[in-house]
Amino acid sequence: MNQFLQQLINGLSLGAIYALIALGYTMVYGVLRFINFAHGDVFMLGAYVGLYARRYLAGQTQAGPSLGLAVSVLLISMAVCAIVGMVIERLAYAPLRNRPRLTVLITAIGVSLFLEYGGQQFFGAGPHFFAPIIPSYKMHTGALSITSNELIVFSVTFVLLIALTFIVLKTKLGTAMRALSFNPTAASLMGINNSVVISFTFGLGSALAAAAGILWAVKYPAITPLVGLLPGIKAFVAAVLGGIGNIPGAALGGLILGVTETLVVGYSDLLHIPPSYKDAVAFVILIVILLFKPSGLLGKTTSEKV
Amino acid sequence: MRPKIYFLIGVLVSFLVWYFVPMDQYIREIVLTIGINIILAVSLNLVNGHTGQFSIGHAGFMAIGAYFSAWITTVGAPTWWPSLDLSGGLAGTLVFLGALLAGALLAALAGLLIGIPTLRLRGDYLAIATLGFGEIIRVVIQNTEVVGGSRGFSVAYGYATIFWTYLFAALTIYVVANLVNSAYGRGFLAVRDDEVAAESIGVNTTKYKVIAFVLAAFFAGIAGGLYSHFKQYLHPDRFNFITSIEVVVMVIVGGMGSTFGVIAAAIVLSLLPEALRFIPQFYQQIFGVSLPHLVDDLLKNRMMIYSLLLIILMLTRPQGIFGGISGRPAFLFKRKSVRADGLAS
């Protein structure tokens, strides 16, 4: 039982990161009906911006890991990536509005590759060590142990989810976002500037991806320019699992995926699945979901209109 | 009857080239790579170009064909028929062809299993699902000890000659071009042009998508089998998503749906890395100074050039460099040709 609870904690902290990335996929899908392939690479960029911000800040103040450092690294990275996300949208996707879906998809793949291999050019192909930004400790409650990193993942995700819910439900831009995803033509007829809202959505999603990148780097400190590939794909699976376009669904899907993946590895002896097949879990889930409930757990079933 | 004649001419030429044209190791390697890339690109074009779906997991099917056929010729056949001399001759050739077919069939089976659930949905799902499955296939191979796992796998015989490679390249072109130009093959184009309309007039869109996907996987398996019996060494990392992306770039640059364009792109893009390798040397010889460091690095980072190529093409000429041009060069085919969009040109 204790082992199960321990796995659950690990799984939830992994799932929280997936959830943050998945939110970006789902929001962009909501307003543009397209999968932003480069989202996983914005996540990677977030980790790298954090790495350099930490180097710069710590170099300036000679400070070791502290809460202040962590918060500023997180905020800097989120801000930079929000801008990068908006720039990508403006340069690569905006000119392709109303073009065939395939054209946009290919462009997104191009952007994704550009970020990955531009990253190799710029940061170097080898792994970088992400130095700790916050002092870490381990807490024991009975037989369970929970690290401060896991607590940070939970609390950051929790705060960001609350903030996102507030933005989407209570602010004017959030309302505009929902209107746009409901019906773009009607939204623009009501005086909503669609391109501003789309830009904002990209910024918001990219900031969340950057936060996820920092949390990932705190958890797994070796980062490479290709680090965003697998988490990006898995987060997409999480978004599909929750019902793509549905914000609570993305969070739920991320958590379910993280827990399932961790449990499969944790009980690999019992299940007779080698732990190296961990990455396959997401795709098995994807297939099962596509076969039995393509609209996802919380998604509405809609038929495509001509 | 015309296409059949061209197919036979292709076979004949590849035989003559293989038999009479002397080549050093370096040239031979490039020529074989081009042949394999033509098979990969033309087969992927059936899915990404003619049927309008989007698969970026072609390397996975190639890996299945490569590993399974290599396993048969290296491990399987010598244990099943220990008395046979497999190093060449009729027995070796038959075993090679059998292995090639078996690898392709296994790849096609994998294509069927992956295609049925994912192809019911729209293209974007397919893109990510195929990317994921390509990676999964690689992970599975990495964990399969009988084919060397992550240590790599040495293949016993280098059966893949220029003759065999180009014979299969000609076969791939023949099958794909004839299929999409046949009455039956109109279904692929219908699915691409308007899926809802196609369905409403009774085209079984899922069936067409699955058929395209399975056929493409089959030929990717053939390409893999040729690759393994040409390099004689396999490593799972060779079949990662970069390989898939390279094939996708060939299809897009060539023009989705244009067989001629895709073949041209496969040739040009296979030669590109070699050409890029010589640019710094030339520059040094002409100007006496070596290239600026940044440019030099950029030339080595082929994927970055590809990614920019993709973005710029999509923004300026989404039909690809050769797209929109008829599927075959007009000077070769006097017969009234039919454009990829189904209108007489």
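**Close-up views of a predicted two-chain model**

**View 1. Helix H13 of chain B, residues 302-316.** H13(B) has 15 residues and reaches 21 Å from its first C-alpha to its last. That is close to the 21 Å expected at 1.5 Å a residue (the expected span is 1.5 Å times one less than the number of residues). Helices are DSSP runs of H or I with at least four residues, strands are runs of E with at least two, and both are numbered from the N terminus. This is a predicted model: local features need pLDDT of at least 70, side-chain atom pairs count only at pLDDT 80 or more, and totals for chains, interfaces and linings use all residues. Residues are numbered from 1 along each chain as its sequence is written, while chains are lettered from A and ligands numbered from 1 in the order in which they are written.

The buried residues of H13(B) are B:Met304, B:Tyr306, B:Ser307, B:Leu310, B:Ile311, B:Leu313 and B:Met314. A residue is buried if 20 or more other C-beta atoms lie within 10 Å of its own, exposed if 12 or fewer, and partly exposed in between, with C-beta atoms placed from the backbone.

**View 2. The side of chain B that touches chain A.** Here 34 residues of chain B are in contact with 36 residues of chain A (contact: C-beta atoms, placed from the backbone, within 7 Å). Helices H4 (89-118), H5 (123-142), H10, H12 and H13 of chain B each give two or more residues to this side. H5(B) supplies the largest share, 12 residues. By class, this side of chain B has 24 nonpolar, seven polar and three charged residues. Ala, Val, Leu, Ile, Met, Phe, Trp, Tyr, Cys and Pro count as nonpolar, Asp, Glu, Lys and Arg as charged, and the others, Gly among them, as polar.

**View 3. Helices H5 and H8 of chain A.** H5(A) spans residues 148-170, and H8(A) spans residues 194-219. Their axes come within 10 Å and cross at roughly 175 degrees. Axes are lines fitted to C-alpha atoms, for helices over the stretch in contact, and angles run from 0 to 180 degrees between N-to-C directions. The two helices are therefore roughly antiparallel to each other (the cut-off is an angle over 145 degrees). From H5(A), A:Asn149, A:Ile152, A:Val153, A:Val156, A:Leu160 and A:Ile167 take part. They meet A:Leu204, A:Leu208, A:Ala211, A:Leu215, A:Val218 and A:Lys219 in H8(A). By class, this contact has 10 nonpolar, one polar and one charged residues.

View 4. A:Arg33 sits in the loop between H1 (2-32) and H2 (39-61) of chain A. With 15 other C-beta atoms within 10 Å, A:Arg33 is partly exposed. A:Asn98 counts as exposed, with 5 C-beta neighbours inside 10 Å.

**View 5. Chain A as a whole, with 12 helices and four strands.** The C-alpha atoms of chain A fill a box of roughly 60 × 50 × 40 Å along the principal axes. Buried residues make up 49% of its 306 residues.

Methods:
Contact = placed C-beta atoms within 7 Å. Parallel < 35°, antiparallel > 145°, perpendicular 65-115°, else oblique.
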